[in-house]
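User: I would like to learn how to read a few features of this model, starting with its sheet. Could you give the general idea each time and then the case at hand?

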Amino acid sequence: QPDDRGLIGDVPVLRVTRRGTEAVHFVTAALEPGAEVRLSLDWERRFDHMQQHSGQHLISAVAEQMFGFKTTSWELGRQRSVIELDTPVVTAEQVRALEESVNEKIRDRVPVTVRELAADDPEVETVRSRGLPDDHAGPVRVVDIEGIDSNLCCGTHVSNLSDLQVIKLLGVEKGKKNKTNLVFLAGNRVLKSIEQSHSTEKALTSLLKNGPGEHVEAVKRLQSSVKLLQKNNLNLLRDIAVLIARDFKSKPAPKQLFVLHRKEGDSEFMNIIANEIGTEETLLFLTVGDEKEAGLFLLAGPVEAVENLGPRVAELLGGKGAGKRGRFQGKAAKMSRRGEVQALLQEFISHQNPGA
């Protein structure tokens, strides 16, 4: 269970941890030794942890009673909690039956009590436990859910199952080593989840212009439309790439350097242009994406030239890339520096052809 937070006087507590028998508090400022202070607890955080922890005890106990599923570990997360059950499979029917049973016990208002036993008390051996820490000292705490469960535990708990309000089992996930993770919410987290889901539902209703029951079908139709548009767009880009290359090649005296930037496009678009133009004699510098932000680049041409210039081009564009066989491509973070790259390439060609 996560630690408590709050104030010591007016000094915030950042973290609490245990070292042996002492609770060590990490605070934002020094405190005067021996001073009398008022302690203020973050009750919302504490009560949330109480609900989740008592909920875990209840779910674990009932899961073992109903199906023989033993709990091997659990995690109290910030958004949801997970119980690791020692079984490879938990069916949907079992999840539903378990949820119904634990909520029935919440409605029965079963008391939850805490008692202390000496560490050498024989009763300790009869209580459900995963063992005590090696540095444990003093008595041990036993948390009892009347008629349902007795468990060694140092966490904070509700005094009655009715304080849990409700438990929602969100389903199961595959765990490690043939185990199953059972995901759950308890108490106020259920209410917050419903509130968030309702808010999302309202937003989708507004965007999709239909009722909640039609949301899934509406999204499926949108996905199909987007896939078709993407396919058509890709075909158009391919056609444009071919036309750009043919236009360049049709000119009476093709240049040794071809530079092109297009906002719309992708790696395939640039490679089609390079394939169509040919890179044996021409050095190509192609970019796609936002002109002043990030995008993609391709440097293609004679193998030796690309090997020499590729890393320098990537550095100028504030990006990273890799290449082989006369092509060097990657991501660029500073597309606004394309002019500097073009100047570098023109200078390189001038040195290669001093009489040109």
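Analyst: Two strands pair if DSSP finds at least two bridges between them. In this predicted model, an open sheet of five strands runs in the order β12-β13-β14-β16-β15, and its pairing is mixed. Because β12 and β15 (320–324) stand at the edges with a single partner strand each, one side of each is left without a neighbour in the sheet. From one strand to the next the twist averages 10°.

User: In what sense do β15 and β16 pair, and over how many bridges?

Analyst: β15 and β16 pair in the antiparallel sense, over five bridges, and Lys-324 stands opposite Arg-327 in β16. Helix α5 packs on the sheet, where it touches β12, β13, β14 and β16, and its direction makes about 160° with that of β13.

User: Which residues of helix α5 are buried, and what covers them?

Analyst: A residue counts as buried when its relative accessible area is under 20%. In α5 (residues 267–277) the buried residues are Phe-269, Met-270, Asn-271, Ile-272, Ile-273, Ala-274 and Ile-277, and their cover includes α4 (215–250) along with the strands β12 (257–262), β13 (283–289), β14 (295–300) and β16 (327–332).

User: What is found at the start of α5, and what just after α5?

Analyst: At the start of α5, a side-chain oxygen of Asp-266 comes to within 3.2 Å of the backbone nitrogen of Glu-268, while just after the helix Gly-278 takes a positive phi of about 90°.

User: How is a pair of aromatic rings described, and why is the pair of Trp-43 and Phe-47 called stacked?

Analyst: Such a pair is described by the distance of the centres and the angle of the planes. The count of aromatic pairs comes to four. For Trp-43 and Phe-47 the centres are 5.7 Å apart and the planes lie at 25°, so the pair is stacked, since planes under 30 degrees apart count as such. Both residues lie in helix α1 (residues 43–67), four residues apart, about one turn of the helix, and Trp-43 is partly exposed, with a relative accessible area of 48%.

User: Is Asp-3 buried or exposed, and which residues does Asp-3 touch?

Analyst: Asp-3, in the segment before β1 (6–8), counts as buried at 17% relative accessibility. Leaving aside residues up to four places away in sequence, Asp-3 touches Arg-15, Val-16, Arg-45 and His-49, and the side chain of Asp-3 reaches the backbone nitrogen of Val-16 at 2.6 Å. As for Arg-15, its charged end sits over the ring of Phe-26, 4.3 Å from the ring centre.

How values were computed: Residues are numbered from 1 along each chain as its sequence is written. This is a predicted model: local features need pLDDT of at least 70, side-chain atom pairs count only at pLDDT 80 or more; totals for chains, interfaces and linings use all residues. Side-chain values use heavy atoms; hydrogens and water are left out. Buried means under 20% relative accessible area, exposed over 50%, partly exposed in between (1.4 Å probe, protein chains only). Helices (H or I, at least four residues) and strands (E, at least two) are DSSP runs, numbered from the N terminus. Contact means heavy atoms within 4.5 Å. A polar contact is a pair of N or O atoms within 3.5 Å; within protein, one must be able to donate a hydrogen and the other to accept it, and residues adjacent in sequence count only if both atoms are side-chain atoms. Axes are lines fitted to C-alpha atoms, for helices over the stretch in contact, and angles run from 0 to 180 degrees between N-to-C directions. Rings of Phe, Tyr and Trp (its six-membered ring) pair if their centres lie within 6.5 Å; planes under 30 degrees apart count as stacked, over 60 as edge-to-face and the rest as tilted. A charge sits over a ring if NZ of Lys or CZ of Arg is within 6 Å of the ring centre and within 35 degrees of the ring normal.
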